[in-house]
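Work through the exercises below with the sequence and the model side by side, trying each task before reading its solution.

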Amino acid sequence: MIFEVDAFPSPSVASPPSSSCRIDDLPGDLLLEILKNLEKQDTGRRAHLRAASLVSRQWLESSGVACSSLSLSGLKASKLPKLLARFPSLAVLNLNFLFDCSEDSLASIGRLCPRLLELHVPETCKAADGSGLVALARGCPNLAILSLPAFKGPDHSLMAIGSHLPRLLKLRLRSVPHLTDAVVAHIAQSCRRLEELDLSFTDVTDAALAAVGGGLQALQHLDVKHCKRVTGAGVASVAAGCPQLRVLHLGVVDVSDDGLTALGRHSRRLEELYLDYGAGDNHQLSREAFSSLAAGCRVLRVLSLRGSRQVDSSAVAGLARGCPALEVLDLHACDAVGDDGLGPAIAGCKGLRELVVTGTAVGAAGLHTFSGGLPHLALLRLNGELVTDAVLHSVATNCPNLTEIHLSNCHVSDEGIQRLLAGCAGLRSLSVKACADVKATAFHGLACAALETVALPSCGVTDDGLLALVRACPRLSSLALPACLKLSAAGLAAALPESRALREVNAAACKQLLRDDIVRLTRCCRPAVKSIRVSRPHCPDDEYTLKRLHVGWQLPSWARSSATSTSPRLSGGFGGRGLYGSSSAGATPHSL
């Protein structure tokens, strides 16, 4: 292992180092600086710092001091105190995968991590009397970020958050069953620095939001989706008392006209607004309320109206005219929005980057408004038989920077797909669902250098089309072809080896794939392919119908009789070993 130390200050030494100086003789301050630099370069699982800790006992101790961030997975809670004692400088701790977290675990964190700034507690934390949370809050007074999703402790233990953590900037209390208005009011009065607050899926009422508006003037992000006891009055209180508000989630909340009007009057800095009501809810919102919202929130960038059946074309048109900075517009399942709503949205918001119009009443005239041009559009979702090859040609011509497109149940063919691919050279993700005329022959003669993900479920993909697709996409990493009934095992076996970047293949419900075909298919895949997902509807005698076959695993029982010594070791059975697990002594994956 080689370390570069030129960038670090030289330690003060009495004499120059001798030629027999050992690695353990490095001064402690220099070693600590080296390991801190390693931590900055580490990504993911911190392999560099872990490797350095194996050099010697001194390096083990120093690596613990240098480590400031830790994410635990698969660790027994009983071993947590001993582990935390190794990391006295810990600032960030993620326990999301510590499944047996308990009161004692939280108490040990408060006792051993006095410098902790960020903590993520798992939803499975077993909280009885809440004493662990109280000890945590007392021992970590500098916490700035605390995530306690679905915490089961009593409400008096939640009061400790406000009593002992005045420096909190972000607090997430999603799905906390015992969260009351009194607790929220106490936190709002004590944690005046809060910038982000998540109260989603709780039973708080307008009284809690009134306290938030009265005490959290610095609040920028508030999430109260699925808080069904919150009404427009609570939203109005937040709008009036939180002038810095930038992000607001109000999914399945009875906002009412008063709430929208207050947002337009007071929330001048609002950038993201989520009004996802759900298809079954009935919320009456007037055009005047949306006009007030558009007039006041001029810097709105993200607007989601998913499932808002009371939003019509005039409301969308007014919002588009009043919010020219809009970048994301989601109109999924807004079945009252038609051509006269989409047209003004495209004409007035030239900066749109994401547009979703699935499940609307938009017709052919509205779809052809793409000819107006959306030069910055990166993501587009369309569905319905009115989406034709002509619409795709308009999209390809006027949306050259498109990187992701999703089409479902559309009347498009290979000709339209070919025009789309030729016009959008930067396309990275293509999803076409239930379009029988798409056979993938559109990829013949094309070079889709940027395309990484292709999903063609329930399409008419043929063997020749698949081969053309794989050859045209050198960076293809994920390929989904479920229920493509015209595909054969021979076609897959011929196409898959052509790709060097392919990692995942989904061929579920392809009826021409039989038992022996699956075994042969796994032999022809390159080692880069991590998983092949298949189902075998013609094998009812098997105890399962869907298998996920991983290179490096043992063959399932139904395939072992057909396997040879040259086949890769695969598994699809329940309870199989993981990707890095060995199935038997001395067994190693074969080269494919």
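**Exercise 1. Describe the protein as a whole.**

The secondary structure comes to 21 helices and 20 strands, where helices (H or I, at least four residues) and strands (E, at least two) are DSSP runs numbered from the N terminus. This is a predicted model, in which local features need pLDDT of at least 70 and side-chain atom pairs count only at pLDDT 80 or more, while totals for chains, interfaces and linings use all residues. Residues are numbered from 1 along each chain as its sequence is written, and side-chain values use heavy atoms, with hydrogens and water left out.

Next, take burial: of the 592 residues, 50% count as buried, a class that means under 20% relative accessible area, with exposed over 50% and partly exposed in between (1.4 Å probe, protein chains only). The accessible surface comes to about 26,200 Å², of which 51% belongs to carbon and sulfur atoms; such areas come from the Shrake-Rupley method with a 1.4 Å probe, and for residues only the protein chains shown count as cover.

Finally, among contacts (heavy atoms within 4.5 Å) between residues at least 6 apart in sequence, 70% join residues at least 24 apart.

**Exercise 2. Compare where the partners lie in the pairs Arg246 with Glu271 and Asp330 with Arg306.**

The side chains of Arg246 and Glu271 meet in a salt bridge of 3.9 Å, N to O. Arg246 is in the loop between α10 (232-241) and β8 (247-249), and Glu271 is in the loop between α11 (256-266) and β9 (272-274), so the pair ties together parts that are 25 residues apart in sequence. Arg246 is partly exposed at 25% relative accessibility, and Glu271 is partly exposed with a relative accessible area of 25%.

In the other pair, the closest N and O atoms of Asp330 and Arg306 are 2.8 Å apart. Asp330 lies in strand β11 (residues 328-330) and Arg306 in the loop between β10 (302-304) and α13 (313-322), which places the partners 24 residues apart. Asp330 is buried at 11% relative accessibility, while Arg306 is partly exposed at 34%.

**Exercise 3. Identify what packs against the buried residues of α5.**

Helix α5 spans residues 103-112, and its buried residues are Glu103, Ser105, Leu106, Ser108, Ile109 and Gly110. These buried residues pack against α4 (80-84), β2 (92-97), β3 (118-120) and α6 (131-139).

Notes. A salt bridge is a side-chain nitrogen of Lys or Arg within 4 Å of a carboxyl oxygen of Asp or Glu.
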